[in-house]
Amino acid sequence: MLIPHPLLGLRDAQEFVYMGDAALIGRPDGGDIATLHNYLYLRDNPAGEHRELWYHEQGDRSWLVVTRNTATHEILGAELARDVARAKGRSK
Amino acid sequence: MRYSGWRIIKEALSGHKGWRPVWRDPAPKSDYDYIIVGGGGHGLATAYYLAKQFRQARIAVLEKSYLGSGNVGRNTTIIRSNYLLPGNEPFYEFSLKLWEGLEQDFNYNAMVSQRGIVNLIHTDAARDAATRRGNAMILNGADAVLLDREGVRAMYPWLNFDDARFPIKGGLLQKRGGTVRHDAVAWGYARGADLAGVDLIQNCEVTGMRIENGRILGVETSRGYIGAKKVGVAVAGSSSRVMAHAGMRLPIESHVLQAFVSEGLKPLIDGVITFGAGHFYVSQSDKGGLVFGGDIDGYNSYAQRGNLPVIEDVAEGGMALMPAIGRARLLRAWGGIMDMSMDGSPIIDKTGIEGLYFNGGWCYGGFKATPASGWCFAHLLATDTPHPTATAYRFDRFLRGAMIDEKGQGAQPNLH
């Protein structure tokens, strides 16, 4: 699989480490134990379009949010996780 | 029809005209006492034990494709009970004991072959860990033998003992481990369940669940609505998709695991060898093909096929362990979808919806668990209490911090 890195262009997925569902960006700030449990352990795990975190460990060490189809492995896009998180109002 | 040597002789002398289809192909009835969703190894075993051991009832198995079309036909056929943790080892030993009596029990040749499995040791620390694991196995009634380097050499003299990175220092041998013909497991359980009156309904995909006032009434399927008093779901890689019909999110990610078989070779490996440090394990099928595999690809997938980098990784592991494999050609590679749980251990539990039960999260270890998984799930469905060997496999263990993390990796499914 080739991941279209927003800064570096097409990069081999082998350079990245897969870090799971991009919803993990939305870490709850505190909250009750049920909220934390749901965040840590439960996943949507869809068959089809999935937004997910890939860490460019063998590259520029950036985190990406990659949109990928889990049924076909087709990669539909990639953006910097930093931008996604800021758009959600995190790390102001 | 019971299978036996006499039966084969009789059929041979009468032109093999007496063989009949092994199971019926019934249309779904309007309702059942029990519906098992998933006609794979675990679902068929559940129906078999439910009908045979627990109660006379109207039972159906719903399979979206053909029986045994999923992971039960896609694995590397290994059985073993070499686990460490108290929540796991009694269960897997129970499973191995069921394997030992399985063929007599369901009157079908599943080619259960206890040819022994060796986990290789490369460091002093790994020897300590293997010793501890072996003792845990023996304490739970399993068998374990700690081999030194010469012990491994006597079994497999052609292994690469002096690899610079992972020299072989010994191994943990479980002689009762081995391999089973995986498809025959599905067929044997299917035939046994059918003979016990279970309706095996193929090409019947569950597309929804009818739930009212917190209780399941039945399932919507591609062949119409079917009512049920109790519904048990055992669908491996599709767990999240099916349980989403009940509005549930699971502590599971679906990942692809690849497996491989070489061209047929003369007898070389009479047991199973695992090279955990190099992500490679291998056995030899009765047809002569080397059957081997490695790690999951590591990203969410429902595609039933993997990518080339993992094939390269597995091939490198194979070359490091047994350089002779470099002369063999790869015949086939395939992928199956693993329901990777957050701690690497399974779930056999009730859900928050009355009458709905779940069996899944087997990661890539589901095949060896098939008999005990079926037995324990049938026990839960019939009695509403967990089987004594499966009391730890609960949904709430994550909330309680009571995870069963064999590898100590934490809540990261692609590391288990």
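Here, partly exposed means a relative accessible area between the buried limit of under 20% and the exposed limit of over 50%. Everything below comes from a predicted model.

**Figure 1**
You'll find B:His16 in the loop between α1 and β1 (31-37) of chain B. Look for B:Asn203 in the loop between β8 (199-201) and β9 (206-212) of chain B. B:Asn203 has a relative accessible area of 53%, so B:Asn203 is exposed.

**Figure 2**
Chain A has 2 helices and 6 strands, and along the sequence they run β-β-β-α-β-β-β-α. Its C-alpha atoms fill a box of roughly 40 × 30 × 20 Å along the principal axes. Of the 92 residues in chain A, 42% count as buried. Over all chains there are 27 aromatic pairs. One of them is A:Tyr18 with A:Trp54, an edge-to-face pair with 5.2 Å centre to centre and 75 degrees between the planes. A:Tyr18 sits in strand β3 (residues 17-21) and A:Trp54 in strand β4 (residues 49-55) of chain A, so the pair ties together parts that are 36 residues apart in sequence. Both A:Tyr18 and A:Trp54 are buried.

**Figure 1. A:Arg51 and A:Glu79, a salt bridge within chain A.**
A:Arg51 forms a salt bridge with A:Glu79, and the closest N and O atoms are 3.0 Å apart. The pair links distant parts of the chain: A:Arg51 is in strand β4 of chain A and A:Glu79 in strand β6 (residues 75-80) of chain A, 28 residues apart. A:Arg51 is partly exposed at 36% relative accessibility, and A:Glu79 is partly exposed too, at 32%.

**Figure 2. A:Asp44 and B:Arg249, a salt bridge from chain to chain.**
There are 31 salt bridges over all chains. Here A:Asp44 meets B:Arg249, with the closest N and O atoms 2.7 Å apart. A:Asp44 lies in the loop between α1 (33-41) and β4 of chain A, while B:Arg249 lies in the loop between α7 (239-244) and β12 (252-264) of chain B, so the pair joins two chains. A:Asp44 is partly exposed, at 46% relative accessibility. B:Arg249 is partly exposed as well, at 38%.

The side chains of B:Arg133 and B:Glu406 meet in a salt bridge of 3.5 Å, N to O. B:Arg133 is in helix α4 (residues 124-139) of chain B and B:Glu406 in the segment after α9 of chain B, so this pair ties together parts that are 273 residues apart in sequence. B:Arg133 is partly exposed, with a relative accessible area of 22%, whereas B:Glu406 is buried at 18%. Also in chain B, salt bridges with shared partners join B:Glu93, B:Lys97, B:Glu100, B:Asp143 and B:Arg176 into one network.

**Figure 6**
B:Trp19 belongs to one aromatic cluster, whose members include B:Tyr3, B:Tyr48, B:Phe106 and B:Trp375. The charged end of B:Arg7 sits over the ring of B:Trp19, 5.8 Å from its centre. On the surface, B:Trp19 forms a nonpolar patch with B:Met1 and B:Ile8, and together they have about 270 Å² of accessible area. B:Ile8 comes from helix α1 (residues 5-13) of chain B. For another charge over a ring, go to B:Arg153: its charged end sits over the ring of B:Phe161, 4.5 Å from the centre.

B:Cys363 is buried, with a relative accessible area of 6%. B:Cys204 is buried too, at 1% relative accessibility.

How values were computed
Residues numbered from 1 in each chain as written. Chains lettered and ligands numbered in written order. Predicted model: local features only at pLDDT ≥ 70, side-chain atom pairs only at ≥ 80, totals over all residues. Heavy atoms only, no water. Patch = residues over 30% accessible without salt bridge, like charges linked within 9 Å, V, L, I, M, F, W, Y side chains within 5 Å. Areas by Shrake-Rupley, 256 points an atom, 1.4 Å probe, with all protein chains shown as cover. Salt bridge = Lys/Arg side-chain N within 4 Å of Asp/Glu carboxyl O. Helix = DSSP H or I, 4+ residues; strand = E, 2+ residues; numbered from the N terminus. Phe/Tyr/Trp six-rings, centres within 6.5 Å; stacked < 30°, edge-to-face > 60°. Buried < 20%, exposed > 50% of the residue type's maximum accessible area, 1.4 Å probe, protein only. Lys NZ or Arg CZ within 6 Å of the ring centre and 35° of its normal.
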